[in-house]
Amino acid sequence: MADAADHNAVNGPAAAAALGADPRLTAARAVLWLLAALLAARQAATALRLPPGRRLADPDTWIGENGVLHVSGGLYDAVDGPRFTGTPFSGLVLSPLTSSAQQALGVAWTFGTLLLVAAVGLVAARSLPGPVPRRTALLAAPVAIALTMVSLPVRGTFTLGQTSIIPVLLVLSGCLRVPGERTSGLLVGLGAALQPALLLFVPLLWSTGRRTAARSTAVTFAAGSALAWAALPRDSWTYWVHHLAGTGLGDRADSPANQSLHGALLRLGLSGPLETGLLGLLAAAVCLLGLRRAVRYARDGQPLLAVALTGCVAVAVSPGGWQHQLLWVLLAAAGKVGTRAADRAVWPVTVVLVMTLPSDVLLPNLALLAPVRDNVLLLAALAAACAVPFLPRTSPHWHHPVPTAYAPPAPARWSRIPLLPFWRRVLSRPNLLLELLLIRVGYSLYSHIRAAAPDSRALAEGHGRRIHSLEGWLGIDIEHAVNHAVVGRPLLRGFFDFYYTSFHFVVPLAILALLYRRSPGDYRWARASLGLATVLALAGFWLYPLAPPRLMPGLGFIDTVHGPQDLADPQYGAMTAISNQYAAMPSLHFGWALWCGLVVFALARRPWQKALGLVHPAVTLCAIVATANHWVLDAVGGAAVVAAGFALVYVLSGPRGSGTAPAPPGGDSLASVPPALRGRRSGASIGS
């Protein structure tokens, strides 16, 4: 495995030197290094601002009087507070720190962790399978460090005070960078002494012909553990015998933080002999399949991927695969997946999302999805180790993926509106998994930003009085009359309440799904316009918090959807805890409905379909006014952001429906194109 890494060490600097004269890449590299530095500074500041009780939870078990670390009794004797969770060898290595003051240790630990993260990123960037493209060689290091810095395992390490980055760096250095088999085995063995599950690297080294390194790893692990037994016999007995290699130390084994097969089975409600037997079968299968794949990729000249897959296996089969130990999943992003150029970003983007965002951002809070949401990191590790079809370097698509089909440039339709082609219009269908992830993450971020928008009651009600006065001056203050007219008609009230609460998400998602299946080019156009309109609406929520009619005191509006509101209560009941009630201008209820109507009107072929598409925004406008959830001018604001979204897409990517979809190159035949798209322009109809 070291040969390929040595090749990259020579190839990388040469590529960087060759690009030294390219000002754009030099600027991009400088920006990425600046970003990595800013992220490091932010992580350090966040960790150092934490109060002592929440920082360095693992060494916190040693804190004695006056904030000076001191071990009283054994490493694992704590009962009420947090307990030390490392191996006895870890405790032996860290024992010199017990004479340090807590504050000094916190500063040293934080900056030491930053250096370790930077070292991991550099080693990973230098170990990419060669030949490395020149641009990748120049930009890989800052990108790797930045992504590692913001990953969940590293963020947890800063606060917990864990040593989990050290074994990763030792194994990476031993397998990929350090010359000499015995030295390599020494480093990997030290990593295994700190995290015993990493002994799985012994069969990887043995199977790839590095038997001296494998023997050195086993000997180093045994020597380190024996040294800990000699120095800390009672702690070693507690860890290895009483707790069966640390099982049960730290959080509960069924805690969501335990992203191992053992933790997942416990969370599913299994226990006793059934759980033990099933765990043994699953662990054996994962080890066999994962290590076979790792050996295959190591022999293929992808040593970084082989190491990452072995690390994923080790954490998955360990009794306690804690979140801060799962940095291996991020390293697995080095593998190439997909024969099309358009699919190359799917795996790395998925890994980055999984490794940087909480699971509740990735998946909605539904009971049906709880088994997936609670085990996202474990599933990612298992997928990388056992399932993801990484390309071998012998594949013809390794260097030459099937190119992406783009629409040819088209002239502007209106001479007074210039085109600024920021991106080219892609005609192929995007990857479904990546689309679902991006839509879910985008909506989750939208919800968090909307909830964080200003919600001052006095400011929002003041804006509400101004809107009400302006509508009176314009002669469009119809909200009160419509609201009371609907309240007196139960059937009409029930219809508008149901329409308001039910169709806001269903109709846009249905249209996006239909476009994804029938007209990929138009899907990208519609999705981009909807996303830009939503981003613009968030600016409105922040700049102009507005009380809807139902929350305006003294005006006599009736909230038909949520029931009577106690306006004397500043919290306005339970709804305020769910979402920001003053994020009303512009109205995205109407804005999204208008987007649906315009998309259907633009793409449908038959007149009745176009007319039906415009019914939805019309009924939605009636619903938001009748239920007293929006002012009429809120709908005007919603229409404005939708129009701006379509206009931005036009300016940045050109007119919709420009050009025809060419036949897919690289071996894809016409049979792979849906019949509805053959011979059509990219602006295909959704009403055929």
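Let's start with helix α16: eight of its 11 residues are buried, so this helix is largely enclosed by the rest of the structure. "Buried" means under 20% relative accessible area, while exposed is over 50% and partly exposed is in between (1.4 Å probe, protein chains only). Helices (H or I, at least four residues) and strands (E, at least two) are DSSP runs, numbered from the N terminus. The buried residues of α16 are V346, W347, T350, V351, L353, V354, M355 and T356.

Before you go on, note that this is a predicted model: local features need pLDDT of at least 70, side-chain atom pairs count only at pLDDT 80 or more, and totals for chains, interfaces and linings use all residues. Residues are numbered from 1 along each chain as its sequence is written, and side-chain values use heavy atoms, with hydrogens and water left out.

**The whole chain**
- The protein chain has 28 helices and zero strands.
- Of its 688 residues, 50% count as buried.
- A contact here means heavy atoms within 4.5 Å. Take the contacts in the protein chain between residues at least 6 apart in sequence: 77% of them join residues at least 24 apart.

**The nonpolar cores**
- A nonpolar core is a set of buried Ala, Val, Leu, Ile, Met, Phe, Trp, Tyr and Cys residues joined through side-chain atoms within 4.5 Å.
- The largest one holds 101 residues, and L172, F201, W328 and L362 touch the most other members. Helix α14 (residues 303–317) gives the largest share of this core, with 12 residues.
- Which residues does W328 touch, not counting those up to four places away in sequence? The list is V168, V171, L198, F201, V307, A308, G311, C312 and V315.

**The pockets**
- The search runs on a 1 Å grid over the protein atoms alone: a cavity is a set of points where a 1.4 Å probe fits but cannot get out, whereas a pocket is an open set with protein on both sides within 12 Å along at least five of seven lines. Lining residues have an atom within 4 Å of a point.
- For volumes, grid points are joined across faces, edges and corners, and the volume is the space filled by probe spheres set on the points.
- The largest pocket has a volume of about 1500 Å³. It is lined by 44 residues, and L438, I439, R440, G442 and Y443 lie nearest its centre.
- Helix α20 brings the largest share of that lining, 14 residues. Helices α20 (432–452), α23 (490–518), α24 (520–543) and α28 (632–653) each supply at least two.
- Sorted by class, the lining of the largest pocket has 27 nonpolar, 10 polar and seven charged residues. In this sorting, Ala, Val, Leu, Ile, Met, Phe, Trp, Tyr, Cys and Pro count as nonpolar, Asp, Glu, Lys and Arg as charged, and the others, Gly among them, as polar.
- The second largest pocket has about 850 Å³ of space. Its lining has 29 residues, and L128, T136, A140, A333 and A334 are the closest to its centre.
- Our opening helix turns up again here: α4 (102–126), α5 (134–150), α15 (327–331) and α16 (346–356) each supply at least two residues of this second lining. The largest share, seven residues, comes from α5.

**Cysteines**
- A disulfide is a covalent bond between the sulfur atoms of two cysteines. The cut-off is a pair of cysteine sulfur atoms within 2.5 Å, and by this rule the count comes to zero.

- V632 lies in helix α28 and counts as buried because its relative accessibility is 15%. V632 and D477 are 155 residues apart in sequence, but 7.5 Å apart in space, C-alpha to C-alpha.
- S173 sits in helix α7 (residues 165–177) and is buried, at 14% relative accessibility. Leaving aside neighbours within four places in sequence, S173 is in contact with V123, V178 and L187.
- Q195 is in the loop between α8 (181–194) and α9 (201–207), and its 8% relative accessibility makes it buried too.
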